[in-house]
Amino acid sequence: MSKISPLAFIDPEAKIGENCEIGPFCFIDKNVEIGDNNVLMNSVSVLYGARIGNGNVIFPGAVISAVPQDLKFRGEETTAEVGDNNKIRENVTINRGTAAKGKTCVGSGNLLMESVHVAHDAFVGNDCIIGNGTKLAGEIIIDDHAIISANVLMHQFCRVGGYTMVGGGTRFSQDIPPYTICAREPVAYCGLNLVGLRRRGFSNELIENIHNAYRIIYQGGVPLNEALQKVREEVPASPEIDYIIEFIENSKRGFVH
């Protein structure tokens, strides 16, 4: 049975799962679906179009599924979807989608720290950490296991690869390749995220192969298509090396150098 404060407002059309805790002064709009075992602390707003999975903890002041801050939005039916077992800290805002993609998605097992903003049509994968005050613009993509530090500004349409570390205060308008550390002003490739890779169980041999792939890509003086072909020829094949090649080949905004 759910524990709902009498000081919370829940629209009769909202769907609330089992064993949820909903604190005082929460507002839950119509066309909202909330799964089981969620905790909504006081003053959480869950607005039209929200879809929330199971086992999430949402801290005071968070706003899920607000209308997007996009002048092209014309009131179309869209959603903001949150997976399972996320921690969404104070004053986080997750806007719903627009006609561009129809939904904003935050996966499962993420930590979104205080005052993070996730804009319309963004996609955040699984097991990511997003630091205090970081702002994610519209239609961005963050792959699984990425760490984005505090007060980072991520330009619209950019992609952050998996297992990355983006330094605090960084602002960037190009893609961040997987397995790397990127930071400084202007933003630059700073090497591999060695601590993160070792914590995730990457072997020394695999880390060395990833390092060699980036050594070839970043060596300079060679056209990118030739560098990627050299990676294919000289670095032992693996899903991780394929991921790097696919990421760079499909980068629409270019990647951080």
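Visitor: At what angle do helix 3 and helix 4 pack?
Guide: First, keep in mind that this is a predicted model. In it, helix 3 and helix 4 pack at an angle of about 170°, and their axes are 11 Å apart.

Visitor: Are they roughly parallel or antiparallel to each other?
Guide: Roughly antiparallel. Angles over 145 degrees count that way, and therefore helix 3 and helix 4 get that description.

Visitor: Which residues of the two helices meet?
Guide: From helix 3 there are L224, L228, V231 and R232, and they meet I241, I245, I248 and E249 of helix 4.

Visitor: Which residues of helix 4 are buried?
Guide: Helix 4 covers residues 239–249, and I241, Y243, I244, I245, F247 and I248 are buried there.

Visitor: What covers them?
Guide: The cover over the buried residues of helix 4 includes helix 3 (224–234), helix 2 (204–217) and strand 24 (159–160).

Visitor: Is N209 buried or exposed?
Guide: N209 counts as buried, because its relative accessibility is 14% and the cut-off for buried is under 20%.

Visitor: New topic! How many residues does the largest nonpolar core have?
Guide: That core has 44 residues, and the ones with the most contacts inside it are V46, I94, V118, I142 and F172. Strand 9 (50–52) and strand 12 (79–82) each supply at least two residues of this core. Another core, of 22 residues, lies apart from it, and L192, F202, Y243 and F247 are among its members.

Visitor: Let's talk about the backbone. Which peptide bond is cis?
Guide: The one from E185 to P186, with omega near 0°. Most peptide bonds are trans. P186 sits in the loop between strand 27 and strand 28, and E185 lies in that loop too, with strand 27 at 180–183 and strand 28 at 188–192.

Visitor: Is E185 buried or exposed?
Guide: Exposed, because its relative accessible area is 52% and exposed means over 50%.

Visitor: What joins the side chains of E185 and R171?
Guide: A polar contact of 3.3 Å joins them. As for G169, it is 16 residues from E185 in sequence, and the two are 8.9 Å apart in space from C-alpha to C-alpha.

Visitor: What about phi: what is its value for S65?
Guide: S65 has a positive phi of about 75°, although it is not a glycine. Most residues other than glycine have a negative phi. S65 lies in strand 11, residues 63–66, and counts as buried at 2% relative accessibility.

Visitor: And where is S115?
Guide: S115 is in the loop between strand 16 (111–112) and strand 17 (117–118). Its phi is positive too, near 65°, and S115 is buried, with a relative accessible area of 18%.

Notes. Residues numbered from 1 in each chain as written. Predicted model: local features only at pLDDT ≥ 70, side-chain atom pairs only at ≥ 80, totals over all residues. Heavy atoms only, no water. Helix = DSSP H or I, 4+ residues; strand = E, 2+ residues; numbered from the N terminus. Buried < 20%, exposed > 50% of the residue type's maximum accessible area, 1.4 Å probe, protein only. Polar contact = N/O pair within 3.5 Å; in protein donor to acceptor, adjacent residues only side chain to side chain. Core = buried A, V, L, I, M, F, W, Y, C linked by side-chain atoms within 4.5 Å. Contact = heavy atoms within 4.5 Å. Axes fitted to C-alpha atoms, helices over the stretch in contact; angles between N-to-C directions. Parallel < 35°, antiparallel > 145°, perpendicular 65-115°, else oblique.
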